[in-house]
Structure formats: C-alpha cells, structure tokens
Amino acid sequence: MKLNDHEAMPLNVRERLIISQALYIAADEMEKREYPEHSNIADMRELGANKFPLYGAIAEASRLAEALNLGCG
C-alpha cells in the first residue's frame, strides 16, 4: 500500500515502545543539564504520558516491584 505524503502509517507496538522510552529517558536526562529546557521537557513528558505511555507504565511497575521487593526489576 502506497501512502500519500499527508498520510501517516500507524505505528506498531514496538515503534510506540521505542518512542515512549526515548521520551521518558530524554526528559530525565535533559533535567540534569546546567540549563534545562523546561518547556521541551514538559512537552516531552506530556507526549509520553498522553500519546506514548507504554514505557512510563513499565518503568513505574518496575519501581513498584523493586519497592515491594518482588524481584521483577
């Protein structure tokens, strides 16, 4: 199937996970900078929470498992 320039292919689960992970990690890393770009960080967190939440959910589950000493993280 050929897509027109204005048509976007839907992302598969792996692609969504990779984007989600990149947003999550990049926002945390950007906060460590001497002069963090707060508006970009906020936008990245918003995108991660609302459009690409998969990695955030996985990271939170891992943190909870570790806190409960379940050995899943």
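Student: What percentage of the 73 residues in the protein chain do buried residues make up?

Tutor: Buried residues account for 15% of the 73, where buried means under 20% relative accessible area, exposed over 50% and partly exposed in between, using a 1.4 Å probe and protein chains only. Bear in mind that this is a predicted model, where local features need pLDDT of at least 70, side-chain atom pairs count only at pLDDT 80 or more, and totals for chains, interfaces and linings use all residues. Residues are numbered from 1 along each chain as its sequence is written, and side-chain values use heavy atoms, leaving out hydrogens and water.

Student: Why is Leu 17 called partly exposed?

Tutor: Its relative accessible area is 24%.

Student: Where is Leu 17 found, and which residues is it in contact with, leaving aside neighbours within four places in sequence?

Tutor: Leu 17 sits in helix 1, residues 13-31. Its contacts (heavy atoms within 4.5 Å) are with Leu 54, Tyr 55 and Ile 58. Tyr 55 is 38 residues away in sequence, yet 6.0 Å away in space, C-alpha to C-alpha.

Student: How many helices and strands does the protein chain have?

Tutor: There are 3 helices and 0 strands; these are DSSP runs numbered from the N terminus, with helices being H or I of at least four residues and strands E of at least two.

Student: What makes the span of helix 3 agree with its 14 residues?

Tutor: The expected span is 1.5 Å times one less than the number of residues. For helix 3, residues 54-67, that should be 20 Å, and the end C-alpha atoms are 20 Å apart, so the two agree.
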